[in-house]
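Let us walk through a protein model together, one residue at a time. Keep the view open as you read, and look up each place as it comes along.

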Amino acid sequence: MSGLYLEDYTIGRVFETEPVTLEADEIVWFAERHDPQVFHTDPVRAKNSAFGEHVASGFQTVAIATGQFIRTGAVEDTGMGGPGLDEIRWTAPVRPGETLHTRVEVVEARATRSNPGRGVVTLAFAVDTESGPVLTFTATIFVRAGAGEKA
């Protein structure tokens, strides 16, 4: 898929992403650098934590889900970054060996007032594993508008 323009983001459009399996060594690698809590960094000590087991950082799960969407190609050459994420809810832990399945739905798409060559798109992310739902959040991104592609 080549990048989509604002006009391609119709409300209700759904993107199904390629699944990603998260292994224990990846969980430790991410956590040691970005979220060094024992239940993320040390599988043995994690057994005595509030989770009772080794689990992934929620921030790692958000990053993976975002990458899954980017790899659909939707924002290739048309994405212009974004101002933020909202309503992040970690509903269950992600364990080593679980596979993340991310579904992304367009919930809003509109032109910006200040630049006719750019639009604002709001995306609802829902992430599940074989154990059930683990994460939801919304992301707001900027994309090129087809009418403004030469602007």
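**A walk through the strands**

Leaving aside residues up to four places away in sequence, Thr138 touches Gly84, Leu85, Asp86, Glu87, Thr122, Leu123 and Ala124, where a contact means heavy atoms within 4.5 Å. Thr138 itself belongs to strand 6, residues 132-144. Helices (H or I, at least four residues) and strands (E, at least two) are DSSP runs, numbered from the N terminus. With a relative accessible area of 13%, Thr138 is buried. Buried means under 20% relative accessible area, exposed means over 50%, and partly exposed lies in between, using a 1.4 Å probe and protein chains only.

Before we go on, a word on what you are looking at: this is a predicted model, in which local features need pLDDT of at least 70 and side-chain atom pairs count only at pLDDT 80 or more, while totals for chains, interfaces and linings use all residues. Residues are numbered from 1 along each chain as its sequence is written, and side-chain values use heavy atoms, with hydrogens and water left out.

Now find Ala126, which sits in strand 5, residues 118-129. Is Ala126 buried or partly exposed? Its relative accessibility is 29%, so Ala126 counts as partly exposed. Not counting residues up to four places away in sequence, Ala126 touches His101, Thr102, Arg103, Leu135 and Thr136. Look also at Val104: from C-alpha to C-alpha, Ala126 and Val104 are 6.5 Å apart in space, although 22 residues separate them in sequence.

Next come the aromatic rings. A pair of aromatic rings is described by the distance of the centres and the angle of the planes. Rings of Phe, Tyr and Trp (its six-membered ring) pair if their centres lie within 6.5 Å; planes under 30 degrees apart count as stacked, over 60 as edge-to-face and the rest as tilted. How many aromatic pairs does the structure hold? There are six aromatic pairs. In one of them, the ring centres of Phe125 and Phe137 are 4.3 Å apart and the planes are at 15°, so this pair is stacked. Phe125 lies in strand 5 and Phe137 in strand 6, so the pair ties together parts that are 12 residues apart in sequence. Both Phe125 and Phe137 are buried. Ring pairs also link Tyr9, Phe15, Phe69, Phe125 and Phe137 into a cluster.

The charged end of Arg118 sits over the ring of Phe142, 4.6 Å from its centre. Here the rule asks for NZ of Lys or CZ of Arg within 6 Å of the ring centre and within 35 degrees of the ring normal.

Finally, let us turn to charge pairs. Side chains of opposite charge can pair when their charged atoms come close. A salt bridge is a side-chain nitrogen of Lys or Arg within 4 Å of a carboxyl oxygen of Asp or Glu, and the count comes to five salt bridges. One of them joins the side chains of Glu53 and Arg95, at 2.9 Å from N to O. Glu53 lies in the loop between helix 2 (38-41) and helix 3 (58-70), and Arg95 in the loop between strand 3 (84-90) and strand 4 (99-111), so the pair ties together parts that are 42 residues apart in sequence. Glu53 is partly exposed at 26%, and Arg95 is partly exposed at 27%.
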